[in-house]
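Good morning, and thank you for coming. I would ask you to keep the sequence and the structure in view while I speak.

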Amino acid sequence: MKRTIFYLVLILAFATTGIVQTSAQKEVKYGQYNGLPRQDQAMKKWRENRFGQFIHWGLYAIPGGVWEGKTYSYAAEFLKSSAKISDETWDALANDFSIEKYDPKEWAKIAKNMGVKYVTITTKHHEGFCLWPSEYTEFDIENTPYKKDLLREFVDAYTAAGIDVNFYYSVLDWHHPDWRYDIENTEDEVAFERLKEYTQNQLVELVTRYPEVKGLWFDGTWDKSWKKNGLFSYELEKMLKDISPGLVVNSRMRADEYGARHFDSNGILMGDYESGYERRLPDPNNKEVLTRDWECCMTIPENQWGYHKDWTISHVKSPLELIEMLVQCTSQNGNFLLNFGPMGNGDIRKEEREVAKEIGAWMKQNSEAIYGCGPAGLVKQDWGFYTHNDKTGKVFMTVFNNPVSGKYRVRLNKGQTLQKASFINNQKEALKIEQISSTDYFVVPEKVNSQQPFVIILEILNKESGKFHQKALT
Ligand code: FHN
């Protein structure tokens, strides 16, 4: 088919969200098909959740980054390739996957106490091993000493704890004989057709076998082979959403017919939210991200997703650093997905338990500033981040940097007045406020806890409407 490419006028400014400004428009057939941002209940829930747990678990958790006495510093889930381990040797790890300490109820309890509202687990990572008993492969949990469907136990435990479950699925598959990095000849084409069929079968299997699943998180979709199959991924996403209405899908799944990923060739987001922020956050002053749904996925060490025995080979982020990232994401309309790499025996390492406990303690006091919150539409100040709850109209200041003056600047929008400021844990007592111009104020608490980030709630009145700060202004 001859592709017609329309070079049109420069796009001025698209008010529609999910659109990145580009200089020319193309005819795109396999791009976005939902109006964005989605406003259905499932998507609203995804957005309100704000904080999620990522879990990378597979055979790579057994060697934990160490092979034949040598420690490999690259990501533990890539050990097969870092240590050049043969397929046969790697696949035999399934015989050692006995996971005698696996206790999904305990995992769910740890997650719940940390304050997450959703979880995303690797059902199949690049190694190809499936955590569920798949009809379409022998390389799965059924053929390990554990034998049982660990994914069913996982879904049950997390669902019972009130945590939404999402499945990560890597299309890239080092184990499957038909995986191709590119399609260069007929043989590749035929093989990749089989891989596509396998992929589709497994995904249909996942959403039907586990109807509780709320979302799919695709990965391993960057190779040319997948990028040359825009129509297939376009139809597959539709099909999965028909089977499982409300399903929330990340932007990594699809490529348009020109091979553009995440955003189609006109800059329109594909999938339901952008999932390009991996181990990084947007610039705190980036306004563009405010217009769409997005998620940042983050490791605790620098670049380890799967369990690595040597936790100290890189910088390990402290709970305070991670809390700051969570608050920043919320303030910029994003979700924060924090990764855990359970051990080969099914236990959660003590360092991760500690991180979960400390974040959880903070969340217990301050989660009102996170759940259901988003950008406040106020100019960012150096002390930290504003978040805002559209339903209550409350604005939250989460403070990470204390000014030496002891005064916390707040700049409102024209037509607003600051009525009250109080600590989140003592809302009855008003903090001192000094107005310094028509829009600027200082909040001056007598005493602050400088060891922990703390939250101040602001009541901001819009003079004209007589209502509290209602929605995020940009
Ligand atoms: O290669 C993977 C990596 O192991 C991990 O799963 C991350 C999570 O976003 N995704 C890939 C790299 O983009």
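This is a predicted model: local features need pLDDT of at least 70, side-chain atom pairs count only at pLDDT 80 or more; totals for chains, interfaces and linings use all residues.

Let us begin with two strands, β5 (residues 164-170) and β6 (residues 215-219), which run parallel and are joined by five bridges. Helices (H or I, at least four residues) and strands (E, at least two) are DSSP runs, numbered from the N terminus, and two strands pair if DSSP finds at least two bridges between them. Within this pair, Phe 167 stands opposite Leu 216 of β6.

Residues are numbered from 1 along each chain as its sequence is written, and side-chain values use heavy atoms, with hydrogens and water left out.

Now to the sheet itself. In what order do its eight strands lie? The order is β7-β6-β5-β4-β1-β10-β9-β8, in an open sheet with parallel pairing. β7 (248-249) and β8 (274-278) are at the edges with a single partner strand each, so one side of each has no neighbour in the sheet. As background, strands of a sheet pair through backbone hydrogen bonds, either parallel or antiparallel.

Next, the domains. The protein chain is divided into domain 1 (11-369) and domain 2 (376-462); such bounds come from an automatic or database domain assignment. Their centres, taken over C-alpha atoms, are 36 Å apart.

How many residues meet across the boundary between domain 1 and domain 2? Contact, meaning heavy atoms within 4.5 Å, involves 15 residues of domain 1 and 17 residues of domain 2. Together the domains bury about 1,400 Å², 61% of it on carbon and sulfur atoms; buried area is the accessible area (1.4 Å probe) that two parts lose on being put together, summed over both. On the side of domain 1, Trp 362, Glu 368 and Ala 369 lose the most area to domain 2, together 36% of what that side buries.

Two salt bridges are counted between the domains, each a side-chain nitrogen of Lys or Arg within 4 Å of a carboxyl oxygen of Asp or Glu.

I close with two backbone details. Leu 36 and Pro 37 are joined by a cis peptide bond, with omega about -5 degrees, and Pro 37 lies in the segment before α1 (41-49). Ile 99, in the loop between α3 (87-91) and α4 (104-114), has a positive phi, near 35 degrees. Most residues other than glycine have a negative phi, and most peptide bonds are trans.
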